[in-house]
Amino acid sequence: MSDTLLQESAPHDLSVSTTGKVMRILMLSLIPALVAHVYFYGYGIIITMIIALISCVTAEAVCLRLRKRKINLLWRDSSAMVTAVLLAFTLPPLTPWYLTVIGSLFAIVIAKQIFGGLGQNLFNPAMAGFVFLLISAPLPLTTYVNAMPDATDIITPARASSIIFNVNRDAVENEINSRIKDQDYLNKFIKAEQLKIADGYTGSTILVDAKHEQPAKSVEIFARNNVPDISSYTLFARIVIGLTFLLGGAVLLFKEIIDFRIPLAFITVSSVLTAAFHFCAPELYLSTFYHLFFGATIFGAFYIMTDPVTAVSKPSGAYIYGAVIAVLFTIIRNLGGYPDAVAFSVLLGNAVAPLIFVMTRRREFGQGFTPENIND
């Protein structure tokens, strides 16, 4: 018998989708969210995503070469491209190009390949890259583009490229600000007696404002700086984008690519906890609605926490894993210094995932029984 034959471990189900196919379905499920982002915020995310894709794929190829692994693994599993796409969705659309490159390199080289590559990493690479950038460069990583009507005509590919690559940036920013303050533009979308859409094309989010102002006041400031009524355009943009992530998550659930228990536990527990915080002190904490639709809450629930490598796959463990992240998420967002706590809570959840896996491991058949107590 040849000693070159290898026996694979169970399960031996040949119908299971390949890693590459799963990764490609995941990226395709994000197309509606990408279209919504471009519609409400302009073309910046497209350019940022291209930079991240080039950086992640190049870094992955170099690492595979240094480890004497086959380069075709890069295309077979498509994991580097997924990391790039997820990272691009977490970064502000007009992030300077060099920060996107640095975050991509950190995600692939430090968070993934140093641990042994796909399937061996302890932390989610995209979230590790984002947190590294957030700690290193907090100002550009917390300055987002305001949602605005006709954004594709304002944040054009040329203008977005000029800002991202710092080519005539000041002139382009002044041009954009003049455009959104133009009376013809305002009259096109809102009534003359209403407030202007925005004081500028970029600014902080309501989650950032809530860290420095009382939540009720931050909602008022947010409404005044963006649209006359908080229930108007900006809120509409956040709801639509949240629904596109829900739609993509539904596709992943239908294809059985992710475990429903993790997002279910996270959304349920975080909703209950944030509602409790708001009920006890509404002048200090935002309501559950803002926690769900502002920031990366829904995106993280379906696309980040469910990473099969860094999450817990066992049914009972999946519930605990999602609940633990929800508790950390609520504490950091309400009591911590960072407004969007998804990335930090996910990384902390990744760190305790092995312990949850061990604690929820099913007892092997016959374990704990002796001949003396077998009839008990």
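Analyst: Let's start with helix α5 (residues 79-90) and helix α18 (residues 297-304), which pack at an angle of about 170 degrees with their axes 11 Å apart. Axes here are lines fitted to C-alpha atoms, for helices over the stretch in contact, and the angles run from 0 to 180 degrees between N-to-C directions. The helix names come from DSSP runs numbered from the N terminus (helices are H or I runs of at least four residues, strands are E runs of at least two). Because of that angle, α5 and α18 are roughly antiparallel to each other; the scheme calls angles under 35 degrees roughly parallel, over 145 roughly antiparallel, 65 to 115 roughly perpendicular, and the rest oblique. Their crossing is left-handed, a label used if the near helix is turned anticlockwise from the far one by less than a right angle, with right-handed for clockwise.

Before going further, a word on what you're looking at. This is a predicted model, in which local features need pLDDT of at least 70 and side-chain atom pairs count only at pLDDT 80 or more, while totals for chains, interfaces and linings use all residues. Residues are numbered from 1 along each chain as its sequence is written, and side-chain values use heavy atoms, with hydrogens and water left out.

Back to the pair. On the α5 side, L86, F89 and T90 meet F299, Y303 and I304 of α18, where contact means heavy atoms within 4.5 Å. Sorted by class, the contact of α5 with α18 has five nonpolar residues, one polar and no charged ones. For that sorting, Ala, Val, Leu, Ile, Met, Phe, Trp, Tyr, Cys and Pro count as nonpolar, Asp, Glu, Lys and Arg as charged, and the others, Gly among them, as polar.

Helix α5 also packs with helix α7 (residues 125-136), at an angle of about 40 degrees and with axes 8 Å apart. That angle is why α5 and α7 are described as oblique to each other, and their crossing is right-handed. On α5, the residues making this contact are T83, L86, L87 and T90, and on α7 they are P125, A126, M127, G129 and F130. By class, the contact of α5 with α7 has six nonpolar and three polar residues, and no charged ones.

Let's zoom in on A126, which sits in helix α7. A126 is buried, at a relative accessible area of 1% (buried means under 20% relative accessible area, exposed over 50%, partly exposed in between, using a 1.4 Å probe and protein chains only). Setting aside residues up to four places away in sequence, A126 touches T83, L86, L87 and A107. A126 and L86 are 40 residues apart in sequence, yet their C-alpha atoms are 6.1 Å apart in space.

For another helix pair, look at helix α10 (residues 157-164) and helix α11 (residues 169-180), whose axes come within 8 Å and cross at roughly 135 degrees. That makes α10 and α11 oblique to each other, and their crossing is left-handed. R159, S162 and I163 of α10 make the contact with R169, V172, E173, E175 and I176 of α11. The residues in this contact of α10 with α11 divide into three nonpolar, one polar and four charged.

Now for some loops. T310 lies in the loop between α18 and α19 (315-335), and T310 is buried, with a relative accessible area of 2%. The C-alpha atoms of T310 and V346, 36 residues apart along the chain, are separated by 9.3 Å.

Most residues other than glycine have a negative phi. K68, in the loop between α3 (44-66) and α4 (73-77), has a positive phi near 60 degrees, and K68 is exposed, with a relative accessible area of 75%. E256, in the loop between α15 (233-254) and α16 (261-280), also has a positive phi near 60 degrees, and E256 is exposed at 70% relative accessible area.

Finally, the cysteines. A search of the whole structure finds zero disulfides, a disulfide being a pair of cysteine sulfur atoms within 2.5 Å. C56 is buried, with a relative accessible area of 0%, whereas C280 counts as exposed at 65% relative accessibility.
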